[in-house]
Amino acid sequence: MKIVVQKFGGTSVATPERRSLLIDKVKKAIDRGELPVVVVSAMGRKGDPYATDTLLSQINPKLKTEQPRSVDMLMSCGEIISSVVTSSEMLMKGINAIPLTGGQAGIITDENFMEADFITVDTENIKSLLKEGKVPVIAGFQGRTKKWDITTIGRGGSDVTASLIGAYLKADRVEIYTDVDGILTSDPNIVPNASLIKTISYEESFQFAYEGAKVIHPRAVEIAQNHNLPLLIKNTLSNSEGTLINNDIYLDKKRIITGIASKSDRVQVTVEYEGDESYYSMFTILGEHDISLDLINVFPKQKIFTIDSDKLTQLKEIFNNMNLKFEYKKNCCKIALIGAGMRGTPGVMARILTALTREKIEVLQTADSHNTIWCLVNEKDRDKSIIALHKEFQL
Ligand code: ADP
Ligand code: MG
């Protein structure tokens, strides 16, 4: 029998009404003769009683550095509550469900608390539950160390749990249920008429997720790709067909631009290079401090790049110690246009710049790769820029 992993995000488990829609999706899989394995996130979003951020607000933030192991014990509770509540409602509706923590589901991680990476998945427990005719309801976003300490695997981690379980169970596919119809050509909060991307390759969807489209976690795409596991992103609230992510790149290449993503809170840094070799060590030192740079432009007398705003204090300290002359511009937004078809299509950058200039938007920097073009703009111009580009490429 085909195993299908069904992951439900925070809004899909938030209320009894939503959970009954969830249960309908599980029932449908059973009716099709498939073996569902369910993965759930914590209920709701910040402010809701058991959402991860609400739990975190109960403790002193210092605990994150002083005893991250405790933070993980607390953060894991949201998903555990969700798995018990969801599976109990499934039981009441005649589904033989059983809740599992990430550790009980066999997800073994390293000891890097709060951002743990998986080592392996021991599927023995899940497999024997499936043999008994049960439906495992797994708490997402968590695992356990070899010493049985609870770990969490980073924000958006339930998507990663679903891909991992799917990969190690050799599932037919993973279905990611959320509150939108699938991957859209842009964030619907910015472009309300964004359209659904029906199929997309692992490569493009990874890029999309990595550049800020929060609908799927990039690591979940990566794991699925490594195991050739199809991912289907669907809406809990509708019967939309959703977005299929697989390794078929045919459609990608037919589209010049597949979609637009963005990342806010970027800082553009300009460093004067005074003629010594210090900028070589500057890049090395920033790397050693875990400050990742992008949109790097190297000129004979100047280097320009962007960083995340929460690394600015650290960067200022490092540069002042090195006696480097530098300037920075806060409140920037990095917009990424993704599309495998842009390769070998002339004039794409020109169209982007024309569309932005027409709207009197100041472009602070650009860069491109084989499937992505980035534009840095002022945060205040984010929505206007994305809407203009969405229109220009008729997405
Ligand atoms: P879940 O809690 O189900 O994991 P998320 O909030 O993580 O849901 O992801 C879904 C949200 O991602 C959507 O509600 C939407 O606001 C946002 N989003 C951002 N970019 C996109 C995009 N390109 N396509 C679809 N959704 C997007
Ligand atoms: Mg998510």
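Predicted model: local features only at pLDDT ≥ 70, side-chain atom pairs only at ≥ 80, totals over all residues.
1. Start with the overall picture. The chain has 395 residues, and 51% of them count as buried. Along the principal axes, the C-alpha atoms fill a box of roughly 70 × 50 × 35 Å.

2. How does the radius of gyration fit in? A compact globule with 395 residues would come out near 21 Å, and the chain has 23 Å, which agrees. As for contacts with a separation of 6 or more, 73% of them are between residues 24 or more positions apart.

3. Next, have a look at strand β6, residues 135-139. Five of its five residues are buried, so the strand is largely enclosed by the rest of the structure. In a regular strand, side chains alternate between the two faces of the sheet. Here Val-135, Val-137 and Ala-139 point one way from β6, while Pro-136 and Ile-138 point the other way, and all are buried.

4. Which strands pair with β6? One is β2, residues 35-40, which runs parallel to β6 and is joined to it over three bridges. Within that pairing, Val-38 has Val-137 as its bridge partner in β6. Another is β3, residues 97-100, again in the parallel sense, this time over four bridges. There, Ile-98 stands opposite Pro-136 of β6.

5. Two residues deserve a glance for their backbone angles. Phe-141 is not a glycine, yet its phi is positive, near 70°. Look for Phe-141 in the loop between β6 and β7 (142-144). Lys-360 is not a glycine either, and its phi is also positive, at about 60°. The loop that holds Lys-360 runs between α13 (348-358) and β17 (363-368).

6. Are those two residues buried or exposed? Phe-141 has a relative accessible area of 4%, which makes it buried. Lys-360, with a relative accessible area of 73%, is exposed.

7. Now for the open sheet of six strands. Its order is β14-β15-β13-β16-β18-β17, and the pairing is antiparallel. At the edges sit β14 (294-299) and β17, each of which pairs on one side only. From one strand to the next, the twist averages 30°.

8. What lies across β13 (259-272), β16 (326-338) and β18 (372-378)? The answer is helix α8, residues 202-210, running at about 60° to β13.

9. Finally, a pair of helices. Packed helices are described by the angle between their axes and the distance between the axes. For α4 (residues 68-75) and α5 (residues 77-92), the axes come within 5 Å and cross at roughly 25°. An angle under 35 degrees counts as roughly parallel, so that is how α4 lies relative to α5. On the α4 side the contact is made by Met-73, Leu-74 and Met-75, and on the α5 side by Cys-77, Gly-78 and Glu-79. Sorted by type, the residues of this contact come to four nonpolar, one polar and one charged.

Methods. Residues numbered from 1 in each chain as written. Chains lettered and ligands numbered in written order. Heavy atoms only, no water. Axes fitted to C-alpha atoms, helices over the stretch in contact; angles between N-to-C directions. Parallel < 35°, antiparallel > 145°, perpendicular 65-115°, else oblique. Contact = heavy atoms within 4.5 Å. Nonpolar A, V, L, I, M, F, W, Y, C, P; charged D, E, K, R; others polar. Buried < 20%, exposed > 50% of the residue type's maximum accessible area, 1.4 Å probe, protein only. Pairing = 2+ DSSP bridges. Rg over C-alpha atoms; globule rule 2.2 N^0.38 Å.
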